[in-house]
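Here are my notes on the model, point by point. Please read them with the structure open.

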Amino acid sequence: MNHTPGSPLSRRGLIRAGAGASLAALGLGVGAQTASAAVAATKRFDLTQPSHDLFRSANTHGARVQQSFAFDWVNKFLFVATKRTGSSESAGDLCINKMDFDGNYLSYMHLDGFGHGVAFAALPSGSGTELWIECAANTGGYGTALAPIRYTADTTLGSPAGSAAYRPISGATEYTCSVDPVYRRMIVRYHTSGGKRIAVYPLSAFETRDFGSPLVDFAQPSIPGTPQGYTLYGSYMYYLTGDAYPGDGTPIGDGNSYVTSVDINTGTVKQDPVLTKAGSTLHHREPEGLAVYRTDAGEARLFIGFATGVEGDRRSSIFYKNVLV
């Protein structure tokens, strides 16, 4: 069983931003087929090592499954994106749940017409948080741009348009993003006529809204399974796949929740898909979201999220791995 329970973490001790690594920018167009060595090589998470609890079965504002999550590493809050209760799958309506690191629900914000919520980032902004999230959902319910949204409790916001929506990559039709607060970079997954691609930017590009060329830009390698989230740590991307287990019906053995690492300097798989059994006893254990952060003590962690609980009362469960090689 690839799971070792751990004690709940204090709000004060979970995450701390790290210093950015030295970067050499290299401009690559949408047509680039592989990444180039523009990011200094770093250690990576060993995906075969045990997982530990952050929390299990935490309540959120709505009754539907979580899609992804993100940490504000300065103000010490967790934000969980869930589907909006009463909205169709294609509407792109999301509920952002603000929580503490013990999984206690604090407040919500509704985002109408934004997207599917596969991944997003929560950037510290003074005492508040700026969410970088997909927006301007298409007819399939996926965001066609990215937008910075100031989290405002107990409010509803319609999707921005025009100059308030950003499309940093020419020709891309769908966008999502995730942040690496340790090396201060943003990873963007985007869609083109040729399929899914990955671009990585210095975080400053999003802070200043001056994107320029990405550090790396490559075609997403072929990874089997249902995509359920991704994130970045140093020179490696992490990609989550899988389906609900044991779900509301027949169990599927050990489930099929896998995590894969990708070298962003080559655009190729580094560690093949590794089965994770974190939270294996939970009901309706559907993999939903990845995030990477570092504790105040300096320990880097790869967080893995699951939508759990019975239909009509879905919960959030989050675990982490912490061994680097």
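1. Val 188 has contacts, meaning heavy atoms within 4.5 Å, with Leu 146, Ile 169, Tyr 175, Thr 176, Cys 177, Arg 197, Ile 198, Ala 199, Tyr 201, Phe 206 and Tyr 230. Residues up to four places away in sequence are not counted there.

2. A word on the basis. The model is predicted, so local features need pLDDT of at least 70 and side-chain atom pairs count only at pLDDT 80 or more, while totals for chains, interfaces and linings use all residues. Numbering runs from 1 along each chain as its sequence is written, and side-chain values use heavy atoms, with hydrogens and water left out.

3. Val 188 is among the residues with the most contacts inside the largest nonpolar core, as are Phe 71, Leu 78, Trp 132, Met 186, Phe 206 and Phe 303. That core has 52 residues. A nonpolar core here is a set of buried Ala, Val, Leu, Ile, Met, Phe, Trp, Tyr and Cys residues joined through side-chain atoms within 4.5 Å. Buried means under 20% relative accessible area, exposed over 50%, and partly exposed in between (1.4 Å probe, protein chains only). Strand S3 (residues 77-83) gives the largest share of this core, five residues. A second, separate core has 19 residues, including Phe 45, Leu 47, Leu 282 and Val 292.

4. Next, a sheet. Four strands form an open sheet in the order S10-S11-S12-S13, with antiparallel pairing. Its edge strands, S10 (174-180) and S13 (216-219), each pair on one side only. Neighbouring strands are turned by 20° against each other on average, direction ignored; axes are lines fitted to C-alpha atoms, and angles run from 0 to 180 degrees between N-to-C directions. Strands are DSSP runs (E, at least two residues), numbered from the N terminus. Two of them pair if DSSP finds at least two bridges between them.

5. S10 and S11 (residues 185-192) are joined by seven antiparallel bridges. Tyr 175 stands opposite Tyr 190 of S11.

6. Arg 197 forms a salt bridge with Asp 217, the closest N and O atoms being 3.2 Å apart. The criterion is a side-chain nitrogen of Lys or Arg within 4 Å of a carboxyl oxygen of Asp or Glu. Arg 197 lies in S12 (residues 195-202) and Asp 217 in S13, 20 residues apart. Arg 197 is buried, at 5% relative accessibility. Asp 217 is buried too, at 1%.

7. Also in S13 is Ala 219. Ala 219 is partly exposed, with a relative accessible area of 26%. Its C-alpha atom is separated by 8.7 Å from that of Gly 194, 25 residues apart along the chain.

8. Five of the seven residues of S1 (residues 52-58) are buried, so this strand is largely enclosed by the rest of the structure. S1 pairs with S20 (residues 315-321) in the antiparallel sense over four bridges. Asp 53 has Phe 319 as its bridge partner in S20. The side chain of Asp 53 also meets that of Arg 56 in a salt bridge (2.6 Å, N to O). Asp 53 is buried at 10%, whereas Arg 56 is partly exposed at 30%.

9. The whole structure has 12 salt bridges. One of them joins Arg 64 and Glu 89 (2.6 Å, N to O). Arg 64, Lys 83 and Glu 89 are linked in a network of salt bridges. Glu 89 is partly exposed, at 46% relative accessibility.
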